[in-house]
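Please consult the sequence and the structure shown here alongside the text.

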Amino acid sequence: MGDEMKIPQATAKRLPLYYRFINNLYLQGKLRVSSKELSDAVKVDSATIRRDFSYFGALGKKGYGYNVEHLLQFFRRTLDQDETTEVALIGVGNLGTAFLNYNFMKNNNTKIVVAFDANDRLVGTEIGGVPVAHIDDLEEKMGNVSVAILTVPSQEAQGITDRLVERGVSGILNFTPARISVPPTVRVHHIDLSVELQSLAYFLKHYPL
Ligand code: ATP
């Protein structure tokens, strides 16, 4: 960690976006990129990009831009691209099934290795190459998982969260509408898709571009 700790959170959130684009440039054999090109591609203004990149210790030269390989090495190190984070998914309903079929590995360093559900018809099957186990066996079958995706009905969210925390999970991506409580050592990212959609519609109506 060390250096990366100093990166502001807003900058850190844009890192995967930069990483994906820079990796594509690298694969195309490009050696350098200007902040203008980056800005057009990732839709972040170039002043922000220059500031973000200064945190990465990458100083673009006027008329030259940034060295693609250096940036890529930095992003790989920072995002631990060489190390895969194992993820569990709880709740193999419509949304959960979609996630299992979606290959997160394509441009990411996370992998769903196991799924859990209470429905006996799902238990023992494989979806998107991921085995589905019974929720009663959560503690036993979680292995090295440190991150969990929650796609269960909201009334189940807190109970399952408590078990996950007890089992040592350090990050939860909560797709249920429920607000879950965790100890301060556990990070929760909450994505409520219907609220996000509603909010987009609201902004379009009241703050048209
Ligand atoms: P989605 O909200 O993902 O579209 P859905 O409408 O298909 O889901 P839900 O009722 O939200 O179905 O349930 C999602 C999944 O969670 C189902 O497969 C259900 O069997 C599972 N589930 C329900 N309770 C539990 C539980 N306590 N532990 C694990 N899985 C559960």
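The sections below treat the basis of the model, the ligand site, the annotated region and the aromatic pairs.

## Basis of the model

The model is predicted, and local features need pLDDT of at least 70, side-chain atom pairs count only at pLDDT 80 or more, and totals for chains, interfaces and linings use all residues. Residues are numbered from 1 along each chain as its sequence is written, and side-chain values use heavy atoms, with hydrogens and water left out.

## Ligand site

Helices (H or I, at least four residues) and strands (E, at least two) are DSSP runs, numbered from the N terminus.

A nitrogen atom of the ligand lies 3.4 Å from a polar backbone atom of Ala-118. Of the 630 Å² of accessible area that the ligand has on its own, the protein covers 65% (Shrake-Rupley method, 1.4 Å probe).

## Annotated region

In an unreviewed entry, UniProt lists residues 17–56 as "DNA-binding region"; such annotations may be inferred rather than shown by experiment. In the model, this span is 72% helix and 5% strand, and its end C-alpha atoms lie 14 Å apart.

## Aromatic pairs

The structure holds eight aromatic pairs (ring centres within 6.5 Å; planes under 30 degrees apart are stacked, over 60 edge-to-face and the rest tilted, with the six-membered ring used for Trp). Phe-53 and Tyr-66 pair edge-to-face, at 4.8 Å centre to centre with 65° between the planes. This pair links Phe-53 in helix H3 (residues 46–55) to Tyr-66 in strand S2 (residues 66–67), 13 residues apart. Both Phe-53 and Tyr-66 are buried (under 20% relative accessible area, 1.4 Å probe, protein chains only).

Phe-53 also pairs edge-to-face with Phe-75, at 6.1 Å and 75°. Here Phe-53 in helix H3 is joined to Phe-75 in helix H4 (residues 68–79), 22 residues apart, and Phe-75 is likewise buried. Tyr-18, Phe-53, Tyr-66, Phe-74 and Phe-75 form one aromatic cluster.

Notes:
Polar contact = N/O pair within 3.5 Å; in protein donor to acceptor, adjacent residues only side chain to side chain. Buried < 20%, exposed > 50% of the residue type's maximum accessible area, 1.4 Å probe, protein only.
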